[in-house]
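Please look over the sequence and the fold below before reading on. The paragraphs after it are meant to be read with the structure in view.

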Amino acid sequence: MINKGLALLITGLVASASWCCGAKMANIETPKVPNTSAVWPVASRDAYAYVCPDSPTTAWTAEHVSSRHLPNGTAQRRPLMLEIGGLPHTLVEYEADLRRDLSHVRLEFGVFPAFYTRATSLPALGATVWIVGYDTKVGVGSTVVSAKVLGQMAGILYFDRTPGPGSSGSCVLNENSELVAVNYATRAVGAGGIFTKWYGLASI
């Protein structure tokens, strides 16, 4: 039989342990998932991708999304189709940086209902970022993937995970829903011809 004093002591220890563990859990911060609703799906005659609005009428995307490169080396602008409010709209490229596979596109008419502001600083090594892609298991439904930053060099951001084909042009967002880069490629690394890891590339 446990006497009353011992019972009170045990109760106090359990309460202290619960308070301690609860306090430790409170100190573990989970990154906030950003608002990805303004990342816009687009399509062309032969591809599907995304654009990242940065003003009511303009957006960033990957240059290979907004242009088609011909065998003779010339680039042909590729109009992009999208729907805003159930109505068809068209985006056209008006400036591009071939070095970084980055382009700026403009709506021929209408406005985006929302857009992103650019982050004032780059994400730190190991920070979490988010990219939107297509979930090919459900047709053309969207999926949001979180990734860890591996580093950056010469205007290119590297991260350890990517949504895969179709995610070109997607915003790379931080937890404050700020634009840090524009996704443009997936690369695989490995040894002996066996690919063991995929990573993403994005223009800053």
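The model is predicted. The protein holds 14 strands and 2 helices. Of its 204 residues, 38% are buried. Its exposed surface comes to about 11,900 Å², and 60% of that is supplied by carbon and sulfur atoms. Taking contacts between residues at least 6 apart in sequence, 56% join residues at least 24 apart.

In soluble globular proteins, nonpolar side chains tend to be buried together. Here the largest nonpolar core has 17 residues, and the members that touch the most others are Val42, Val51, Leu82, Leu91 and Phe112. At least two residues of this core come from each of β1 (40-43), β2 (48-53), β3 (58-62), β6 (80-84), β8 (102-107) and β13 (179-191). The largest contribution, 3 residues, is that of β6.

Beyond its neighbours within four places in sequence, Leu91 is in contact with Val42, Val51, Pro79, Leu80, Leu82, Val105, Arg106, Leu107 and Phe112. Another core, of 12 residues, lies apart from the largest one; Leu102, Val132, Tyr134 and Val182 are among its members.

The last stop is Ser167, in the loop between β11 (156-159) and β12 (171-173). Is this serine buried or exposed? Ser167 counts as buried because its relative accessibility is 2%, and the cut-off for buried is under 20%. Setting aside neighbours within four places in sequence, Ser167 is in contact with Tyr50, Val132, Gly133, Thr162 and Asn183. One of these, Val132, is also a member of the core of 12 residues.

Technical notes. Residues numbered from 1 in each chain as written. Predicted model: local features only at pLDDT ≥ 70, side-chain atom pairs only at ≥ 80, totals over all residues. Heavy atoms only, no water. Core = buried A, V, L, I, M, F, W, Y, C linked by side-chain atoms within 4.5 Å. Buried < 20%, exposed > 50% of the residue type's maximum accessible area, 1.4 Å probe, protein only. Helix = DSSP H or I, 4+ residues; strand = E, 2+ residues; numbered from the N terminus. Contact = heavy atoms within 4.5 Å. Areas by Shrake-Rupley, 256 points an atom, 1.4 Å probe, with all protein chains shown as cover.
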